[in-house]
Amino acid sequence: MPESILPLAAVLTSAVAVVLIVASYRRPNIREGWSVLAALTQFGIVLSMLPGVLDGTVYEWSLQRSLGVEFLAGIDFVLRADLLGLLFALLASFLWIFTSFYATGYMRGLDEHDQTRFFAAFAASLSSAVGIAFAGNLVTIFVFYELLSLVTYPLVAHDGDREARIAGRKYIAYTFFGGGVILLAGTVMVYWLTSQTGTATTAFESGGIGALAEGAATDPTAAQITFYLLITGFAVKAAVMPLHSWLADAMVAPTPVSGLLHAVAVVKSGAFGIARVILEVYGPETIRDLPLSVPGIGEVGLNVPLAILAAFTLTTASIIALRKDHLKRRLAYSTTAQLSYIVLGLSMLHPYAILGALFHIPAHAFAKLTLFFCAGSIHVETHTDYINDMAGIGKRMPLTMSAFTVGAAGMAGMPLIAGFVSKFYMLLGAGYVGGEYWLFAAALLLSGVLNIAYFWPVVYTAFFESEDRHDAKPLLEFPAGGIRQFAGDELATDGGKRDEETELNSDDDSGAGVDSEADYEYAVDRYPSDADVPGGPGGSPAEGDANSSVKTGPETAGTGHDHGHAVAHDDQHHGGPPAGGWTRHSPLTESTWLMLGPIVVIATGAVVLGVIPGHAAFLDLATEIVTSVFDANSLEQLRGPLSAALEVSTQ
Amino acid sequence: MSNVDFLLPLLVAVPMLLSTVPIVLGLRFDRTGWSVAALTTTALVAATTALANAVYATGPVSHKLGGWNPAYGIELVLDEFSALIAVLVAVTAAGVLAYTRVGGPRGNTFYSGYLLLTGGLLGISVTGDVFNLFVFLEIVGLATYAMIASGDGPESAVAALKYLILGTVGASMYLIGVGLIFMATGTLNMGVLAEVLPAAVERDPTLVRAGFAFIFVGFSMKVAQWPLHTWQPDAYQHAPDGVTPVIAAVVSTAYAYAFGRLLYSVFGPEFLTSTPYLTELVVTVGCVSVVAGSVLAVIQTDVKRMFAFSSVSQFGLIVAAYGLVTESAFVGATIHLVGHAVIKAGLFAAAGVIAISYDARTVDEYAGLADEHPLVAGMMALLLISLIGIPPSAGFVGKWYIALGAVEAQLWPVAIVVLFSTLMTLAYSARLLEKMYFTPATPLEAPHAPESVATDGGEDGGDTETAAGADAANDGAAGTRGGTETAALDAITANGDRNTVSYGMLALVVAAALLAISLGFAGGFLAGLLDPSFITEVFN
């Protein structure tokens with residue numbers, strides 16, 4: 001195992017960039033230049049390790065061996081670039097290059113405040129994400145996992161208004177609960193369990209830590225609890241239900257953050273951590289050997305509850321996404337669902353399912369980043385956040401909406417786009433295992449259908465409807481179960497009980513009364529939390545204040561009322577088409593190339609991964625990971641049921 | 001044995017003797033106190049470092065006072081455990097002087113008290129005699145009461161009085177405990193006690209246990225464990241800003257060290273584990289303090305008071321770790337003692353700087369601080385992050401070992417409290433972080449812009465007076481915000497440079513923050529200081 005400074009260099013590149021970014025805060029061009037330069041350098045360093053790693057080399061840097069500093073008694077601080085780590089690091093650093101261009105365009109397009117803090121925290125996030133990728137043991141991964149929570153907090157709370165602060169609070173509460181409490185508990189337990197049977201260790205080993213397997217044999221209950229502690233710790237960031245709700249709230253962050261961090265780096269670090277736990281801490285074999293005995297059902301594998309939870313999450317999140325009118329929120333629930341694909345694939349334990357799950361990490365990243373970039377671009381150019389306002393927007397932003405279509409197809413798992421390949425392997429895996437696992441296959445297929453159900457309306461309304469003539473969106477604009485118009489009228493007339501709210505509502509309606517749809521109850525009205533998501537002019541502090549003053553109660557009703565009215569009025573007009581309808585733009589003039597360029601590149605990437613996955617490094621990496629975990633020579637050996645695949649490993 | 005042991009009595013005697021010098025010189029010169037204190041503490045840093053080097057190279061250093069046999073005379077000992085604390089005390093005492101040079105109380109008498117305090121604290125760290133320990137506890141207590149009372153305004157006097165009463169009760173409890181132990185064994189030397197106690201326990205378990213109970217309650221009061229913590233928030237809040245870092249960083253730490261010393265070197269792990277309900281009680285007190293301290297910290301409005309409750313919670317962790325009686329937990333407690341001291345010194349110094357330059361003392365007044373004072377706010381953020389225990393930082397290392405100890409002891413409820421303490425610390429720390437970075441300053445803060453204070457300079461007498469008068473009037477109109485009276489008082493006395501932030505203060509804050517982070521990489525090193533020699537001696 002060669003001693004190498006390269007993994008450390010990759011982590012430090014963006015950490016150094018943080019310093020440079022802060023130092024050049026007076027000169028925005030130089031500052032953003034550092035971001036791009038650091039991204040390119042980081043990607044270069046990671047890429048330079050790719051050939052070696054594919055040949056079986058592991059680049060390792062250890063604090064103890066290089067500087068003689070012992071991080072904790074008996075625990076080294078290790079950064080090692082192995083197959084799995086490189087998969088994640090390659091993805092994050094590659095996408096960061098384009099995100100830094102896009103972020104420049106986005107932040108300048110909106111003339112955001114505190115841009116230095118934003119870019120510095122962004123670079124720090126990448127540093128931590130690559131650190132997570134290269135961490136060589138549980139303690140090291142914990143260090144970076146915590147740091148990632150910390151440095152992404154300023155990005156979530158970036159707007160500095162009440163909404164953003166509350167989202168920020170929720171964010172750190174969830175992530176530190178997952179990291180600082182649960183994951184740390186799991187790490188301590190692993191250290192303790194391994195110390196029972198030999199030298200205490202937390203270092204990852206392909207196929208599982210040997211000492212842990214022995215410890216698990218002597219104390220299965222503790223080993224099972226430890227497994228779920230580790231998984232729960234990582235599942236918080238992977239937004240597995242019921243720990244998912246921070247993700248949708250975190251969408252108050254600027255879109256580049258939602259895109260790269262809350263669809264790729266942060267959430268994938270959770271999925272990646274689960275992969276480490278399943279593949280290199282416990283190993284599929286140990287997990288299979290630790291069955292839970294559930295009263296009434298008998299023994300089930302340790303992985304099955306996790307798989308059920310993942311299957312539940314991906315179905316439920318897709319259904320919730322159907323009813324989200326705010327585009328970024330819809331994407332957030334889509335992310336929640338897609339992350340559970342990865343978790344489900346990993347927890348099915350079959351090599352093919354794991355292969356599909358690992359490939360889904362880049363596949364989802366490319367497609368989802370495209371979608372977020374499109375949403376951000378629409379926001380910057382037209383200040384439109386709600387799908388309801390997007391009728392005919394294909395005229396205004398043809399290229400963006402085309403890219404959006406590609407990304408959406410990828411999400412749904414259409415052939416020729418990246419998402420298809422990963423889902424294909426996961427279905428294969430479920431099929432090889434057979435039995436009850438067909439249910440998981442069914443959930444995957446159902447979720448594909450739901451994906452189409454919530455993405456198609458966006459594409460349809462953008463290209464095939466026009467701003468003055470468009471249909472109502474059945475799932476958004478009508479209450480579940482149909483319109484209860486009479487009931488609604490009666491309630492309105494007997495007023496007086498909740499006059500504050502009623503008054504405001506009626507005002508809203510009269511503000512919107514110019515158009516014929518005033519009678520409908522908008523999803524936005526029904527779910528104020530959904531509408532309150534700021535993200536642009538709607539999220540400017542002034543408006544946040546006005547909103548909160550409305551809510552402060554009767555004593556401010558006089559003034560607050562007027563404000564509320566004005567805001568409600570604004571809301572009708574700042575999003576959606578301008579007075580004369582969308583102006584037609586050519587793909588070349590619809591937005592700044594700082595944003596269009598990244599969109600085109602990432603969307604192309606998604607297609608490349610779908611058409612020639614074998615030539616794009618990621619599938620090779622995933623295949624190598626699976627064969628090394630199962631100790632096989634090639635993927636073909638691993639066909640057949642799970643027990644046969646595990647036999648291969650013991651030979 | 002090396003010949004550095006002559007330094008041991010000097011560690012105690014020199015600062016105590018020199019504490020009279022500022023008063024004597026004060027008859028003739030105005031400002032000699034600081035220089036005397038600076039020289040003394042620098043010398044103490046050198047002496048403790050030399051001693052610590054000797055200890056870690058060749059083993060414990062001891063000195064028999066007056067050549068008396070330890071069984072009757074007083075012995076001073078520096079071993080692997082106390083060397084850490086002695087160095088910490090000396091370094092903190094020297095470091096905080098950088099703050100008080102410009103910002104702190106500056107009378108000659110103050111520095112007399114300061115040196116007395118330093119001497120007492122070093123005495124606690126090096127003494128090997130349980131009665132002598134009581135003497136030093138009292139010396140430290142008296143010096144601390146005086147220093148707290150030197151704050152402006154009547155609250156300081158009240159806080160000092162409260163501390164005086166409760167602190168003395170605590171020390172008396174300890175003394176009663178020592179009396180009972182002496183009855184049971186006939187000796188006061190710690191080393192001898194450790195040898196004869198097992199026999200005494202067999203002879204008369206009740207006597208020894210009663211002695212332990214008194215000692216435990218006494219120290220719970222001194223270390224400020226819930227519900228005996230009530231003196232601490234007042235004392236920390238109303239002490240002068242320059243004094244709080246010392247008190248928070250080393251006074252409670254020295255008490256907690258003394259408690260640990262008694263538990264492990266005198267009573268010994270065997271007594272702890274074999275006495276029914278003893279460890280359970282210690283652990284429970286610690287855990288309850290962790291929870292209660294955090295909850296109370298969350299609801300505070302005054303920043304210094306919030307940090308004070310945070311200390312209750314952090315020392316709860318340490319006491320709980322003592323009660324676990326495993327090697328890892330003990331290492332964790334020691335590391336957390338050091339780490340927490342560094343962090344708290346930095347935090348209180350930062351709070352002082354902010355109070356001086358920004359006139360902000362409550363959490364709400366910290367709004368928008370990051371824009372006004374990026375350096376102090378940044379350092380405070382780093383310190384808070386260390387306190388939460390986000391790696392790599394001093395707070396994390398301590399927590400790792402304590403959590404590991406709890407798991408090794410298989411006391412799952414303790415493990416849960418220790419791990420959840422992260423979230424509880426987060427609750428109050430994040431509140432402050434959010435205020436500093438993500439809450440825009442409200443116009444209310446405007447009258448206290450630093451510029452207007454700086455113009456008070458004191459060059460032109462007449463001008464200053466009118467300006468101060470106007471300021472005071474403004475303050476009166478501004479209402480009853482915390483700290484208003486002191487601000488007005490400052491303005492009236494027109495003590496200009498009292499309101500300036502010196503490089504020394506900033507250096508102290510920055511040094512504490514960097515130290516707190518770099519200690520995060522010293523987990524193995526610190527454990528290595530204790531592990532082979534001291535731990536095996538105690539636990540086997």
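Author: Chain A is built from 28 helices and four strands. Keep in mind that this is a predicted model. Of the 651 residues in chain A, 58% are buried. Now look at how the chain meets itself. Take the contacts in chain A between residues at least 6 apart in sequence: 78% of them join residues at least 24 apart.

Next, find the part that a record names. UniProt, in an unreviewed entry, places "domain: NADH:quinone oxidoreductase/Mrp antiporter transmembrane" at residues 135-443 of chain A. That span is 76% helix and 2% strand. Its end C-alpha atoms lie 33 Å apart.

Now zoom in on a pair of helices. Which way do α13(A) and α14(A) run relative to each other? Helix α13 covers residues 327-347 of chain A, and helix α14 covers residues 351-382. Their axes come within 8 Å and cross at roughly 170°. An angle over 145 degrees counts as roughly antiparallel. The two helices, α13(A) and α14(A), are therefore roughly antiparallel to each other.

Trace the contact along both helices. On α13(A), the residues that take part include Leu327(A), Leu331(A), Thr335(A), Gln338(A), Tyr341(A) and Ile342(A). On α14(A), they include Ile354(A), His360(A), Ile361(A), His364(A), Leu371(A) and Phe372(A).

Move along to α16(A). This helix runs over residues 398-412 and has 15 residues. From its first C-alpha to its last it reaches 21 Å, close to the 21 Å expected at 1.5 Å a residue. Is α16(A) mostly covered or mostly open? It is mostly covered, with 13 of its 15 residues buried. Just after α16(A) comes Gly413(A), which takes a positive phi of about 80°.

Finally, turn to where chain A touches chain B. The contact takes 27 residues from chain A and 28 residues from chain B. On the chain A side, the elements giving two or more residues are α6 (138-156) and α7 (162-197). Which of the elements gives the most to that side? The answer is α7(A), with 14 residues. The side of chain A that touches chain B has 20 nonpolar, three polar and four charged residues.

Terms used. Residues numbered from 1 in each chain as written. Chains lettered and ligands numbered in written order. Predicted model: local features only at pLDDT ≥ 70, side-chain atom pairs only at ≥ 80, totals over all residues. Buried ≥ 20, exposed ≤ 12 C-beta atoms within 10 Å, placed from the backbone. Contact = placed C-beta atoms within 7 Å. Nonpolar A, V, L, I, M, F, W, Y, C, P; charged D, E, K, R; others polar. Expected span 1.5 Å × (residues − 1). UniProt positions renumbered as here; feature names shortened; annotations may be inferred. Axes fitted to C-alpha atoms, helices over the stretch in contact; angles between N-to-C directions. Parallel < 35°, antiparallel > 145°, perpendicular 65-115°, else oblique.
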